[in-house]
Amino acid sequence: MIPIYIPTFMREERQIAYNAFGLEARSHVTLCTHDGRADELRRCNLGAKVEDLGHCEGVAEVRTKICDLARANGHRFIMMMDDGATLCKSYITPDGKRKLHPVVRGDKGDPLVFELVETVESLLWEYPLVGISPRPGNNRHLPSLAVPSRVYSVFGVDLDALEANDITFDGMQKRYPGAKVMEDFWVVLSLLTIGLPVALNYDYAFHQQHGRPGGCATYRTSKVQETAVRALNTHFPKYTKIVMKDNVSWGIDGEAQRYECHIQWKKALTDAQSLL
């Protein structure tokens with residue numbers, strides 16, 4: 001089974017993803033934190049494998065350091081999973097509708113985890129980035145895969161493919177200082193615009209609540225969000241459009257709206273592939 005890395009920060013006592021796993025699945029999971037939080041994470045999660053990533057300027061750098069760590073441990077394929085995500089199985093009913101099984105936690109849920117990871121690993125031989133569908137909207141897509149698609153929160157990565165094409169999660173942050181969020185958009189667009197397809201699997205789904213204390217909420221201000229959106233638009237102007245979105249779920253700085261990007265995922269891929 002390929003390893004699962006869970007980035008986490010200042011949520012030591014609220015490890016929703018890790019605590020949903022049974023003992024066997026946990027043996028394949030590494031909790032990754034930074035900036036002095038490792039000892040507290042170990043104290044609150046006895047027996048967990050914990051890695052201290054040192055100082056990190058945001059989640060983009062965290063994900064890059066996780067990739068470096070996995071490389072150093074000899075891995076090509078890995079999974080990353082947000083610390084607040086829970087997993088469930090999605091299936092097609094006899095009348096042709098897609099529905100979700102309830103989330104199963106603990107040891108009884110481990111067979112689902114192993115099945116999901118095995119599915120992602122098999123797809124990584126074909127796609128450099130393979131995501132799991134978010135729960136909202138899962139029922140509206142009957143095929144198992146959507147290609148291309150946005151991928152975030154729970155996904156597998158082919159580290160060979162990223163390295164071969166000089167793509168890193170902190171690539172946008174390095175080129176555009178202050179753009180330390182929306183790293184998932186950056187990696188997906190970087191792959192699509194060189195003709196490499198990205199897949200989203202709908203036979204499984206994840207659920208998570210946004211806006212929890214800790215993690216990106218410790219620094220994701222309106223300015224940080226705007227900086228990342230404008231950086232994406234500057235780098236990929238043909239496939240991105242800046243829009244304002246009601247800020248109900250995040251509550252950044254208490255603002256009523258936030259900057260977002262509308263992305264033409266399919267056009268980015270088809271344009272690139274037409275030139276190959």
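User: How much space lies in the largest cavity?
Analyst: Keep in mind that this is a predicted model. The structure holds 1 cavity of 30 Å³ or more. The space inside the largest cavity comes to about 80 Å³.

User: Which residues lining the largest cavity are the closest to its centre?
Analyst: The lining is made up of 15 residues. By class, 10 of them are nonpolar, 3 polar and 2 charged. The ones closest to the centre are A20, F21, L87, V104 and V113.

User: Is G22 buried or exposed?
Analyst: First, find G22 in the loop between α1 (16–20) and α2 (23–26). Its relative accessibility is 2%, and the cut-off for buried is under 20%. So G22 counts as buried.

User: How far apart are the C-alpha atoms of G22 and G109?
Analyst: Along the chain, these two sit 87 residues apart. As for G22 and G109, their C-alpha atoms are separated by 6.8 Å.

User: Is R140 buried or exposed?
Analyst: Check the number against the cut-off. R140 has a relative accessible area of 69%, and exposed means over 50%. That is why R140 is exposed.

User: N138 is in the loop between β7 and β8; is N138 buried or exposed?
Analyst: The relative accessible area of N138 is 1%. Anything under 20% goes down as buried. So N138 is buried.

User: Which residues does N138 touch, not counting those up to four places away in sequence?
Analyst: Start from the loop between β7 and β8, where N138 has its place. Residues up to four places away in sequence are skipped here. What N138 touches, then, is S90, R98, L100, S133, Y202, Y204 and A205.

User: What volume does the second largest pocket have, and which residues are the closest to its centre?
Analyst: The volume of the second largest pocket is about 250 Å³. There are 14 residues lining this pocket. The closest to its centre are P134, S149, R150, L200 and Y202.

User: Which element gives the largest share of the lining of the second largest pocket?
Analyst: Sorted by class, this lining has 8 nonpolar, 5 polar and 1 charged residues. The elements giving two or more residues are β7 and β10 (199–207). With 3 residues, the largest share comes from β7.

User: In what sense do strand β2 and strand β3 pair?
Analyst: Strand β2 covers residues 29–33 and strand β3 covers residues 49–52. Over 4 bridges, the sense of the pairing is parallel.

Terms used. Residues are numbered from 1 along each chain as its sequence is written. This is a predicted model: local features need pLDDT of at least 70, side-chain atom pairs count only at pLDDT 80 or more; totals for chains, interfaces and linings use all residues. Side-chain values use heavy atoms; hydrogens and water are left out. Buried means under 20% relative accessible area, exposed over 50%, partly exposed in between (1.4 Å probe, protein chains only). Two strands pair if DSSP finds at least two bridges between them. Contact means heavy atoms within 4.5 Å. On a 1 Å grid over the protein atoms alone, a cavity is a set of points where a 1.4 Å probe fits but cannot get out, and a pocket is an open set with protein on both sides within 12 Å along at least five of seven lines; lining residues have an atom within 4 Å of a point. Grid points are joined across faces, edges and corners, and a volume is the space filled by probe spheres set on the points. Ala, Val, Leu, Ile, Met, Phe, Trp, Tyr, Cys and Pro count as nonpolar, Asp, Glu, Lys and Arg as charged, and the others, Gly among them, as polar.
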